[in-house]
Structures are given as C-alpha cells and as structure tokens.
Amino acid sequence: MTTGATVWLTGLPSAGKTTIAYELAGRLRGEGHRVEVLDGDEIREFISAGLGFSREDRHTNVQRIGFVAELLARNGVKALVPVIAPYADSRDAVRKRHEENGTPYLEIHVATPVDVCSVRDVKGLYAKQAAGELSGLTGVDDPYEEPETPDLRIESQHQTVQESAASVYALLSERGLA
C-alpha cells in the first residue's frame, strides 16, 4: 500500500492554493498515487453547510476538513487540502491530530501578497469588499495568521503553477511520500 499524507495549502483567497493542488494532483495521479483534493468551497457546500464565517465556525470547518483529510491519509490517500484556515490554533490542532495517529502532514504556505491576490480576485471577493458589499474578507478586514514554520513557503507570484506544484512534489519526495 502506498503511504498517504495530508498536504495542507494555506493562504489568502486567490493565492493559488487550489490551482497548485490540482496541478500536483494530476502529477501524482499520473504516477499511480491515490489522490483526493478537498476543496474548501466544496467542503463548505456539502460537509460544513450552515456554518458561517465567525472564528468558531471557521475553526469547526477546519477541524472537519482535518478529520476527513487524516482519515483519507491514514488509508493511503494523498489528501491535498487547499483551504485558507486563517487561524494558527486551528491548523495546529489539525497537525496534532495527524501526529497522534502517525499520519504524515505537510503545511504549505502559499504566501501570495494581498495586493497580488486582489488583482487575481478569482471569485470577485476583493471587488465586493472594496465596494462595501462584503465584510470579513480574510487578510483584508478579517485576520490571517501566517504560519511561522511551514514545511514549505511558496511565493506564487514569482513562479508558474507548474513550478509551485513541483516544489511541493519535491518536498513530498524528500520526505519519502512521492
């Protein structure tokens, strides 16, 4: 059986987390790995429906995703998790769950600056916030606690999606997980 692992990609909205995750997933699948991408938007729709964006609800959402990711990873799946997870204590709790179960866990900080994210604005969130139609946007008027010691920091504004995914793949390889 192949070794599973959770690869958590954290960062601001429109940082490139999901794009990198799908690029990496394609490469891993091409090599025969079992891979699932736990997209934050899909999780909110199907597993965390009804949760809002308060600190408590965001924590609950992250814990639910972390539970599913760890379950998949301990059963030989590479769980790629492109989820903002803005609070350090929430991410730390997910890492601890993995450690307690002996499940590999990598935290990747997609450290794209807010000014770059606001230009990309994949979902139009930054434009809505600027127009006063949205409040509580992570990294703008709601906190984002950057990881202090991620396993890898990616500055996606300085490299292609393929290069970003390759750097995560290299880390997986270095750890014996690819």
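This is a predicted model: local features need pLDDT of at least 70, side-chain atom pairs count only at pLDDT 80 or more; totals for chains, interfaces and linings use all residues.
Residues are numbered from 1 along each chain as its sequence is written, and side-chain values use heavy atoms, with hydrogens and water left out.

Helix H7 covers residues 161–174, and its 14 residues reach 20 Å from the first C-alpha to the last, close to the 20 Å expected at 1.5 Å a residue, the expected span being 1.5 Å times one less than the number of residues. Which residues of H7 are buried? They are Ser164, Ala165, Val168, Tyr169, Leu171 and Leu172, where buried means under 20% relative accessible area, exposed over 50% and partly exposed in between, with a 1.4 Å probe and protein chains only. Seen down the axis of H7, these buried residues fall within an arc of 155°, so they line one face of the helix; the arc is that of the directions from the helix axis to the C-beta atoms. An α-helix has 3.6 residues a turn, so residues three or four places apart point the same way. The buried residues of H7 pack against strand E1 (5–10), helix H1 (17–30), strand E4 (105–110) and strand E5 (152–154). After H7 comes glycine 176, whose phi is positive, near 75°.

Turning to H3, its 19 residues should span 27 Å at 1.5 Å a residue, and its end C-alpha atoms are 26 Å apart, which agrees. The buried residues of H3 include Arg58, Asn61 and Val62, and what covers the buried residues of H3 includes E1, H2, strand E3 (78–82) and H4.

Arginine 91 sits in helix H4, residues 88–100, and is buried, with a relative accessible area of 2%. Leaving aside neighbours within four places in sequence, arginine 91 is in contact (heavy atoms within 4.5 Å) with residues including Thr10, Tyr105, Glu107 and Glu145.

Finally, the lining of the largest pocket has 13 nonpolar, nine polar and seven charged residues, where Ala, Val, Leu, Ile, Met, Phe, Trp, Tyr, Cys and Pro count as nonpolar, Asp, Glu, Lys and Arg as charged, and the others, Gly among them, as polar.

How values were computed: Helices (H or I, at least four residues) and strands (E, at least two) are DSSP runs, numbered from the N terminus.
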